[in-house]
Amino acid sequence: MPAEPPRLEGKVAIVTGAGATGSGDFVGIGQAISILFARHGAGVLLVDRDQQNAETTLAAIREEGGRASLFVGDVTSNSDCQGMVEAAVAEYGKLNILINNVGISGPGSVTDVEEDFWDKVIDVNLKSVMLTSKHAIPKMIEAGGGAIVNLSSIVGLRAGSGRPSHPYAASKGGIIGLSNSMAVHYGRDNIRVNCIAPGHIRSPMVARHSTEEMLNLRRRAGPLGTEGTPWDVAWAALFLASEEARWVSGVTLPVDAGLLAATPLAMFPYLRDPE
Ligand SMILES: NC(=O)c1ccc[n+]([C@@H]2O[C@H](COP(=O)([O-])OP(=O)(O)OC[C@H]3O[C@@H](n4cnc5c(N)ncnc54)[C@H](O)[C@@H]3O)[C@@H](O)[C@H]2O)c1
């Protein structure tokens, strides 16, 4: 069999939130996506508001001989979003792929959430997708088309467990609705727009905020019963961003160990009895 070329050969990608909050043994989701994309031949612009977070990713890619550069910026800023797209085109000559990975947690219920906090979560998680796309899409059209992958969550489709996260749920559900509409209205420009809905992934952010007991419960809640890692999400992003998915647009792909296929009672025996 002939050797396959790298899956993103010749492609240029922007990944937002390309660093990871906190240190530890685990990579962040944006970090894993960036490293995997570079391994598969893409030039990657790593965007993060925290330079230190993103420099870890940059160092990991350069150590492997991959192509990547850094843009320090905030995805809630229109001028930073314009700047990141200009930087990608200046560095690599074009733009083919946009991964909207930035996301912050958003605890609280509608009866207790502060209005300012609600606005902040919606701005960071949802408005940012509009701002980055606003500047990226014209460049993708110039390049003959492109692929946008937006990081939603299973919480954008079903209420999560434990304490309420209404601002987070609204932002992640909004991403799915926005992605579907974008997929339809930019389809004739050969731009595909898809979402990933990660389940209980052990990222640095999650590991920092969860007890071992909670991490164990998250693992057991999925039909596969194994722990998800940022790499599981990155493989899905690689497929959706690549030409292999040239006929896939407007989907939300759960990466969740089968969790969305189960009713609570289906998983009850596995949650009740410690494994
Ligand atoms: N970890 C999970 O279990 C899980 C589950 C479902 C969905 N998700 C989603 O996956 C995405 C990544 O999650 P993670 O746990 O790897 O995140 P993380 O917190 O580890 O990393 C996010 C990065 O985004 C950066 N960032 C935050 N706000 C920014 C802003 N305004 N502008 C630019 N950069 C900013 C941070 O500095 C950080 O480096 C998020 O959208 C999250 O909601 C995660």
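In what order do the seven strands of the open sheet lie? I started my notebook there. The order is E3-E2-E1-E4-E5-E6-E7, and the pairing is parallel. A reminder to myself before going on: this is a predicted model.

**Entry: the sheet**

I looked up the edges next. Strand E3 (67-72) and strand E7 (252-255) are the edge strands, each pairing on one side only. From one strand to the next, I found an average twist of 20°.

Then I went to the pair formed by strand E4 (residues 97-100) and strand E5 (residues 146-151). These two run parallel and are joined by four bridges. Which residue in E5 stands opposite Asn 100? I found Asn 150 there.

What packs on this sheet, touching E5, strand E6 (191-198) and E7? My note says helix H5 (residues 166-185), whose direction makes about 160° with that of E6.

**Entry: H4 on H5**

Helix H4 (residues 115-142) and H5 have axes 9 Å apart and pack at an angle of about 20°. Angles under 35 degrees count as roughly parallel, so H4 is roughly parallel to H5. I noted a right-handed crossing for H4 and H5.

I then listed who touches whom. H4 brings Phe 117, Trp 118, Val 121, Ile 122, Asn 125, Leu 126, Val 129 and Ser 133 to the contact. From H5 come residues including Pro 167, Tyr 168, Lys 172, Ile 175, Leu 178 and Met 182. Sorted by class, the contact of H4 with H5 has twelve nonpolar residues, four polar and one charged.

**Entry: H1 and its two partners**

H1 passes H2 in a right-handed crossing. In H1, Gln 31, Ser 34, Ile 35 and Ala 38 do the meeting; in H2, their counterparts are Thr 57, Ala 60 and Ile 61. I counted the classes for H1 with H2 as four nonpolar, three polar and no charged residues.

Is H1 parallel or oblique to helix H8 (residues 230-241)? The axes of H1 and H8 come within 8 Å and cross at roughly 50°, which makes H1 oblique to H8. This crossing of H1 and H8 is right-handed. On the H1 side I wrote down Ile 29, Gln 31, Ala 32, Ile 33, Leu 36 and Phe 37. On the H8 side I have Pro 230, Trp 231, Val 233, Ala 234, Ala 237 and Leu 238. The contact of H1 with H8 divides into eleven nonpolar residues, one polar and no charged.

**Entry: around the ligand**

How many residues surround the ligand? I found 30, the closest being Gly 17, Gly 19, Ile 29, Gly 103 and Ser 203.

H6 supplies the largest share of the shell, three residues. By class, I logged 13 nonpolar, 13 polar and four charged residues around the ligand.

How values were computed: Residues are numbered from 1 along each chain as its sequence is written. This is a predicted model: local features need pLDDT of at least 70, side-chain atom pairs count only at pLDDT 80 or more; totals for chains, interfaces and linings use all residues. A crossing is left-handed if the near helix is turned anticlockwise from the far one by less than a right angle, and right-handed if clockwise. Two residues are in contact if their C-beta atoms, placed from the backbone, lie within 7 Å. Ala, Val, Leu, Ile, Met, Phe, Trp, Tyr, Cys and Pro count as nonpolar, Asp, Glu, Lys and Arg as charged, and the others, Gly among them, as polar. Two strands pair if DSSP finds at least two bridges between them. Axes are lines fitted to C-alpha atoms, for helices over the stretch in contact, and angles run from 0 to 180 degrees between N-to-C directions. A residue is near a molecule or strand if its C-beta atom, placed from the backbone, lies within 6 Å of it. Angles under 35 degrees count as roughly parallel, over 145 as roughly antiparallel, 65 to 115 as roughly perpendicular and the rest as oblique.
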